[in-house]
Amino acid sequence: MTPEKHLLEWQTSQTIAETISPLLGQLYRDKGVEVLLFGKTLVNAATIDIIKAHRLARRYTGQSLSPEQTLPLIKTLASMELSPCRVDIGQLAHTFWQERDDEHGVKDYLHTSLLNAMNGQSITEPRDVVLYGFGRIGRLLTRLLVEKSGSGYPLRLRAVVVRGGKEGDLEKRASLLRRDSVHGQFNGSIIVDEENKAIIANGNYIQFIYANKPEEIDYNKYGINDALIVDNTGVWRDTEGLGQHLACKGAEKVLLTAPGKGEIKNIVFGVNDIDILQEDKIVSAASCTTNAITPVLKAINDKYTISSGHIETVHSFTNDQNLIDNYHSGERRGRSASLNMVLTSTGAAKAVSKALPELAGKLTGNAIRVPTPNVSMAVANLNLEKETDKEELNAFLRDVALRSELSAQIDYTESTEIVSTDLVGSRFAGVVDGAATIAQDKRCVLYIWYDNEFGYSCQVIHCMEQMMGVRYPTYPVS
């Protein structure tokens with residue numbers, strides 16, 4: 001291929017991606033249809049992002065997929081009467097072009113593949129969401145909810161509850177939402193309404209409520225009704241403490257973004273989300289590490305059966321550590337987080353059994369905090385009841401990432417150059433590093449990357465949708 005032809009091919013892809021972009025917006029805003037490409041959302045994607053997303057095809061299928069091949073399917077989607085849903089156009093396009101050699105039959109193919117999405121179901125009435133706390137997870141949840149907002153998305157971020165209220169507080173919080181040292185600039189516009197104590201983010205009016213404890217708040221006063229309160233503070237982790245939110249007027253349910261204690265259900269979406277019942281008032285989304293490892297462990301256990309194992313977590317430092325040596329109630333955590341690897345404990349391995357009871361008593365775990373601000377890794381050393389090797393195990397995990405019910409939680413890479421910063425912004429609970437896999441006889445070692453902030457926040461969003469009864473199905477069905 002000549003240099004000129006390379007440039008012409010790129011320009012053609014750009015032109016097609018520019019045609020695709022408004023169709024994606026039309027589908028999402030007008031019909032509530034979120035288009036994915038091999039698990040990666042294309043909502044609000046820039047032209048370059050659309051082109052780059054198509055490169056994922058080689059990772060999963062071993063074959064290329066171009067915007068030119070997905071365009072006719074997306075055009076047809078835009079003309080169909082669909083109920084709100086999520087459609088993985090990458091998987092559909094791959095299958096279509098495997099079976100056919102031209103564009104004829106696209107309509108029939110999609111009508112057959114999306115038959116269950118053509119039942120005329122209308123967009124669900126919006127449900128109110130309140131974030132209690134505005135730290136690392138609270139701000140990322142805000143970004144995600146604003147990104148998804150529109151007539152087709154049923155969750156509405158109505159308010160954020162924080163302490164403080166001194167002069168300049170709101171502007172400071174808006175600034176933290178605008179700029180993030182790890183996740184970059186906010187994608188859009190943020191306006192501060194000091195008079196009404198609100199932030200308008202991409203047109204979303206978010207009321208800021210200043211309170212020191214839940215009992216001080218009347219959500220009805222702000223026009224908020226039957227809301228899901230997402231507690232990001234971690235101050236209360238049991239039924240009694242979190243139950244304070246339910247006593248507030250306008251609150252209906254509570255989701256905790258930390259491991260719950262006692263009888264609170266700890267949910268790892270994709271694994272035991274079926275346990276969320278309509279009558280549940282308080283649910284936990286477990287921890288970032290538990291969310292990262294449990295889907296992979298479930299997949300391995302279902303096929304090979306895990307007899308025992310140890311999970312070593314290499315985790316970025318967190319806000320509860322000290323930047324320089326100072327007093328800390330926890331062992332070793334008082335030493336400088338920016339200068340040291342800090343050996344500490346983790347309950348993640350034990351917590352797996354709350355979502356996956358068949359692994360109860362089979363796993364041990366430890367953690368090493370390292371001087372990076374985000375992205376962690378779990379090293380799973382597992383003893384199996386069936387023999388395997390690296391090639392077979394990786395082929396299985398690659399297929400799980402593409403075609404299983406866990407495809408929204410598990411990603412897979414075989415890059416030999418990938419490092420932690422490459423995973424910043426990953427929307428998956430965990431990413432299996434196939435290049436590092438070790439497998440021999442009945443033993444394997446798996447390396448699982450995870451963005452312990454953003455990937456976890458995406459799992460929290462899934463739980464929020466499930467709790468409020470607005471989770472839309474994904475097609476094609478795995």
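This is a predicted model: local features need pLDDT of at least 70, side-chain atom pairs count only at pLDDT 80 or more; totals for chains, interfaces and linings use all residues.
The helices come first. Helix α1 covers residues 3-31 and helix α2 covers residues 47-54. Two packed helices are described by the angle between their axes and the distance between the axes. Here, the axes of α1 and α2 come within 8 Å and cross at roughly 105°. Angles of 65 to 115 degrees count as roughly perpendicular, so that is the label for α1 and α2. On the α1 side, the residues that meet α2 are W10, S13, Q14, A17, E18, I20, S21 and L24. Their counterparts in α2 are T47, I48, I50 and I51. Sorted by class, this contact is made up of seven nonpolar, four polar and one charged residues.

Next up is E34, which sits in strand β1 (residues 33-37). With a relative accessibility of 9%, E34 falls under the 20% cut-off and therefore counts as buried. What does the side chain of E34 pair up with? A polar contact of 2.8 Å links it to the side chain of T41. Leaving aside residues up to four places away in sequence, E34 also touches Y28, V43, C85, R86, V87 and K148, along with T41.

Last come two strands further along the chain. In a regular strand the side chains alternate between the two faces of the sheet. Strand β19 (residues 410-413) has I410 and Y412 pointing one way, with D411 and T413 pointing the other way. All four of these residues, I410, D411, Y412 and T413, are buried. Strand β19 runs parallel to strand β20 (residues 430-433), and four bridges join them. Within that pairing, Y412 has V432 of β20 as its bridge partner.

Conventions. Residues are numbered from 1 along each chain as its sequence is written. Side-chain values use heavy atoms; hydrogens and water are left out. Helices (H or I, at least four residues) and strands (E, at least two) are DSSP runs, numbered from the N terminus. Buried means under 20% relative accessible area, exposed over 50%, partly exposed in between (1.4 Å probe, protein chains only). A polar contact is a pair of N or O atoms within 3.5 Å; within protein, one must be able to donate a hydrogen and the other to accept it, and residues adjacent in sequence count only if both atoms are side-chain atoms. Contact means heavy atoms within 4.5 Å. Two strands pair if DSSP finds at least two bridges between them. Axes are lines fitted to C-alpha atoms, for helices over the stretch in contact, and angles run from 0 to 180 degrees between N-to-C directions. Angles under 35 degrees count as roughly parallel, over 145 as roughly antiparallel, 65 to 115 as roughly perpendicular and the rest as oblique. Ala, Val, Leu, Ile, Met, Phe, Trp, Tyr, Cys and Pro count as nonpolar, Asp, Glu, Lys and Arg as charged, and the others, Gly among them, as polar.
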